[in-house]
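Colleague: I'd like to learn how to read a few features of a model. Can we go through them one by one?

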Amino acid sequence: MRCEVVAVGTELLLGQIVDTNSSWIGEQLALAGIDSHFQTKVGDNLGRMTAALEQALDRSEAVIVCGGLGPTPDDITRDAIAAVMGVGLRRDEAVVERIRAMFYRRDRQMPANNLQQADVPTGARVMDVQPGTAPGLICPVRRGPTGSGGEKVIYAVPGVPWEMQKMVSECVLPDLQARAGERHVIRSRILRTWGHSESGLAELLEPEMRRLDSTGEATIAFLASGMEGLKVRITAKAADDETALSVLSGVESRARAVIGDAIFGTDDDTMESVVLALMRSRGLTLGLAESVTGGLIAARLTEVPGASDVLKGAVVPYDRVLKTGVLGAPDVAAVSEEMALAMAAGACRVLGANVGLATTGAAGPESHEGAEPGTVWIGLHLDGDGEAVKVRFNMARTMVRQLSTITALNLLRTRLLNRDG
């Protein structure tokens, strides 16, 4: 059973609304063991919507179309589905009464245009679950001139996220699984890494990926995610959870053997949550001095609940006077090893922390005191000793700051691990 997602709405194409619905539906299909190979966005145009649905049905046994079930003139998903089915629309009086009752409970008069939400393609079935005024539809479709292609199905759900999610969870997924017959599960594990390029990780994992290509038990994919790190996603499809998780564990073990300490976490871990846990377990506190990152490290750390028992605070000394006057740094080049070391030590002293972490650099687009754009020094003060690392990111200003953030936290992470060894 393959199921595609078609998201309807010109606002999606214009970038006025981000299509989070398709992402959520895709995740639920995977968890339910339903293969989904394509997702499409299409504007509010009957011809293009019909063409998108026809193409989806040519490739898949089921389609979930999301949006376009409202009461306004541009809500024409019902018309597009009827055109694909080759039928007309009928007014479902039971749906009319549902909608009237909703307005009555809200002590509001129902506008006449809401009646069009009760128009259902002939042969379609209305979903039992209806959180809002838009009913969900289950629409059987016969493919081919004589129906020789067998019955396929279009599910229509509203674009309002909470309404859509309830219908998909309680109506669409059970119906899909019943149609699929044999049940499967698809499970994924994400290894979060920092320190290797995507091509470097692919090279390390090439033998394992070749093995998986031959066995078909799992797949490996890569996703670069800025200051979230570089993700390695392992996905397995099996008859049950136990088998899928066993496969994932085996692949993860082999991946860890070649990637090593560049893996900082799994699944929902973040670099900041991992660093805070390491600091907390060692009874250490942290003080920050952020110039080039401008408080971004502190912002990331404070997103984690309970960060206050580790993070003492942050100084954002964008002006040289603050670097020298507040942190006690010498009057040296702002983008230098000496400045980074002094800022890290100053953060410990001023904020009363065991560990100091500092960033200073040229975020761009212009050079800064002779330092090329993208040049960053990271300073670390730990156990009374200081060290500094120079990095260079040939990227736009925002990415320089983001990548400096995760690189600084990763430096702290690796030093804490080495400290134990």
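Modeller: Start with exposure: buried means under 20% relative accessible area, exposed over 50%, and partly exposed in between (1.4 Å probe, protein chains only). Aspartate 107 is exposed, with a relative accessible area of 72%. Keep in mind that this is a predicted model, where local features need pLDDT of at least 70, side-chain atom pairs count only at pLDDT 80 or more, and totals for chains, interfaces and linings use all residues. Residues are numbered from 1 along each chain as its sequence is written, and side-chain values use heavy atoms, with hydrogens and water left out.

Colleague: What is the phi of aspartate 107, and where does aspartate 107 lie?

Modeller: Its phi is positive, about 60°, although aspartate 107 is not a glycine. Helices (H or I, at least four residues) and strands (E, at least two) are DSSP runs, numbered from the N terminus. In those terms, aspartate 107 lies in the loop between helix H5 (93-105) and strand E5 (119-121). Aspartate 383 has a positive phi too, near 55°. That residue is in the loop between E16 and strand E17 (385-392), and counts as partly exposed because its relative accessibility is 47%.

Colleague: Which residues does the cis peptide bond join?

Modeller: Glycine 364 and proline 365, with omega about 5°. Proline 365 is in the loop between strand E15 (355-361) and strand E16 (375-382).

Colleague: Now the sheet. In what order do the six strands run?

Modeller: The general idea: strands of a sheet pair through backbone hydrogen bonds, either parallel or antiparallel. Here two strands pair if DSSP finds at least two bridges between them. The order is E2-E1-E3-E8-E7-E6, in an open sheet with mixed pairing. Strand E2 (39-42) and strand E6 (125-126) are the edges, each pairing on one side only. Inside the sheet, E3 (residues 62-66) and E8 (residues 151-157) pair in the parallel sense over five bridges, and valine 65 stands opposite alanine 156 in E8.

Colleague: And which residues form the nonpolar patch on the surface?

Modeller: Like charges are joined within 9 Å, nonpolar side chains (Val, Leu, Ile, Met, Phe, Trp, Tyr) within 5 Å. This patch is Leu322, Val326 and Val350, with about 200 Å² of accessible area together, by the Shrake-Rupley method with a 1.4 Å probe; for residues, only the protein chains shown count as cover. Leucine 322, found in helix H11 (residues 320-325), is partly exposed at 36% relative accessibility.

Note on methods. Patch = residues over 30% accessible without salt bridge, like charges linked within 9 Å, V, L, I, M, F, W, Y side chains within 5 Å. Salt bridge = Lys/Arg side-chain N within 4 Å of Asp/Glu carboxyl O.
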